[in-house]
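This briefing is written for a reader who wants the geometric criteria stated alongside each assignment. Please keep the sequence and the coordinates open while reading.

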Amino acid sequence: MKKRRLKKKVKIIGIGIILLTIIIIVLIKLSILFNSYEYKLKKIGYNKEETSIILKLDEDKVDEIITLELNKDIPLLIETKYFMYKNMHNYLDFYNKNSSYNLRDVVEIINTNRNKDYYVDIKSSDITKGNLTLVNKYYALNKEYEPVELKSVNLQYAYANNKLIKEANDKYIELAKAAKKLNYNLIINSSYRDFESQEDIYKAKEKTMGIEKTDELVARPGHSEHQLGYAIDIDLYKTEYDKLENTDEYKWLLENAHKYGFILRYPKAKENITGYSFEPWHYRYVGIEVAEYIYKNKITFDEYYAYYIEK
Ligand SMILES: [Zn+2]
C-alpha cells in the first residue's frame with residue numbers, strides 16, 4: 001500500500017513538473033512574441049508587407065519607428081530610391097505640407113536641401129573630395145581657394161587663358177578629339193575662374209539685373225564650380241551660345257560626355273534641384289565612374305553627393 005501511494009505521489013510530481021515546464025516554455029515564447037518587432041509593428045497597424053520593409057532598417061531605426069504613430073508613408077518612403085533615414089522626419093514634414101509632390105520628388109528635394117532658402121545656411125565645400133567636391137548655393141569655397149595643378153587648355157580646343165586641373169584637362173582633350181572625328185568642333189569658352197573674377201561677374205550682372213535675376217543666372221562669389229578647376233563652358237564654332245541646345249554637337253555631348261568623366265551639371269527640368277537655369281554649355285568633370293552613374297540614373301550631382309559622398 002505504502003509503495004503504491006509513493007508511486008502515485010511521484011507520478012503527480014512528475015506530471016506537475018512537466019506541466020510547469022510546458023507553462024514556462026509557453027510563457028517564454030509568448031513574451032518573445034510580444035516583444036518582437038513583428039508583433040509591435042502589427043499592433044501599431046502595419047501589415048505584413050509594410051513590416052518586412054521596415055525590418056530592412058537597422059535595429060536602432062526600427063526601435064524609433066515603434067515609438068511613432070502609424071504612418072503608412074514610412075514604408076513607402078523606405079522603398080523610395082535614395083531614401084536616407086536621417087532625413088525621414090524632414091521627408092514626412094515636407095510631404096504633409098506639399099502633398100501634390102510624389103515621394104521620389106520629396107526625397108530628391110530634401111536630400112538636396114531644396115526645402116531651405118539659397119545662400120542662408122552656407123557650409124564650406126569639402127575640398128578633400130577632389131573631383132567630387134560639391135559647390136552650389138549651399139556649399140561654398142573660400143576666397144583663398146585655388147586648385148593645384150592647373151594646366152592651360154590646348155588652344156586647339158579652347159580660347160586663350162583657359163585652365164583646368166590636369167586630370168580634367170586631359171579628359172577634355174580626349175572628348176574634344178572624339179568630337180572632332182565627327183566634325184564637331186568643341187571649344188572651351190570659360191573654365192577655371194578665381195574668386196575675384198566671380199565677384200566681378202556677379203557685381204556687373206547685379207548692377208543691370210538686380211539680385212534676384214542675377215542669382216538665377218550667376219553664382220555668388222565662392223559658390224561657382226568654376227573655382228574648382230573641374231568645370232567647363234563649352235562653345236561651338238559658328239553657333240550662338242544660347243542656341244547650343246539645338247545642335248547635333250549638344251546631342252552628341254549629352255550621350256557621350258560621361259564616357260570621358262563629364263556630366264551636364266545643370267540639366268533641363270532639374271532647375272529646382274540644381275538651383276540654376278538649364279545650361280547646355282556647362283559640363284563638370286567628376287571622373288568616369290561617377291559620370292556614368294549620373295548619366296544612367298539621371299540624377300543631379302547634388303543628389304549624388306548627398307547620397308553617396310556625404311552620407
Ligand atoms: Zn559654367
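The points below cover the metal site, the salt bridges and the charged surface patches.

This is a predicted model, in which local features need pLDDT of at least 70 and side-chain atom pairs count only at pLDDT 80 or more, whereas totals for chains, interfaces and linings use all residues. Residues are numbered from 1 along each chain as its sequence is written, and side-chain values use heavy atoms, with hydrogens and water left out.

**Metal site**

- The zinc ion is coordinated at 2.1 Å by NE2 of H226, OD of D233 and ND1 of H282, where donors are N, O and S atoms within 2.8 Å of the metal (3.2 Å for Na, K and Ca) and the site may look incomplete, since water is not among the atoms.
- Along the chain, the donors of the zinc ion follow the spacing H-x6-D-x48-H.
- Both H226 and D233 are buried, a class that means under 20% relative accessible area, with exposed set at over 50% and partly exposed in between (1.4 Å probe, protein chains only).

**Salt bridges**

- The count of salt bridges comes to 17, each being a side-chain nitrogen of Lys or Arg within 4 Å of a carboxyl oxygen of Asp or Glu.
- E225 and R284 meet through their side chains in a salt bridge with an N to O distance of 2.8 Å; E225 lies in the loop between α10 (211-217) and β6 (231-236) and R284 in strand β8 (residues 282-285), so the pair ties together parts that are 59 residues apart in sequence. Helices (H or I, at least four residues) and strands (E, at least two) are DSSP runs, numbered from the N terminus.
- Both E225 and R284 are buried, and salt bridges that share partners join R114, E225, R265, R284 and D302 into one network.
- E79 forms a salt bridge with K56, with the closest N and O atoms 3.2 Å apart; because E79 lies in the loop between α5 (73-78) and α6 (88-97) and K56 in the loop between α3 (48-54) and α4 (59-67), the pair ties together parts that are 23 residues apart in sequence.
- E79 is partly exposed, with a relative accessible area of 46%, while K56 is exposed at 57%.
- K166 and D170 form a salt bridge (2.8 Å, N to O), and these two residues, four apart in helix α8, are separated by about one helical turn.
- K166 is partly exposed, at 35% relative accessible area, and D170 also counts as partly exposed, at 29%.

**Charged surface patches**

- E144, E146, E196 and D200 form a negative surface patch; a patch is made of residues with over 30% relative accessible area and no salt bridge, with like charges joined within 9 Å and nonpolar side chains (Val, Leu, Ile, Met, Phe, Trp, Tyr) within 5 Å.
- E144 lies in the loop between β2 (139-140) and β3 (150-152) and is exposed, with a relative accessible area of 61%.
- K3, R4, K7 and K11 form a positive surface patch; among them, R4 is found in helix α1 (residues 2-35) and is exposed, with a relative accessible area of 65%.

**A loop position**

- N183 is found in the loop between α8 (166-181) and β5 (186-190), where this residue is exposed, with a relative accessible area of 64%.
- The C-alpha atoms of N183 and E249 are separated by 9.1 Å, although the two residues are 66 apart along the chain.

Definitions and conventions. Accessible areas come from the Shrake-Rupley method with a 1.4 Å probe; for residues, only the protein chains shown count as cover. Lys and Arg count as positive and Asp and Glu as negative; His and the chain ends are not counted. The place of a charge is taken as NZ of Lys, CZ of Arg, CG of Asp or CD of Glu.
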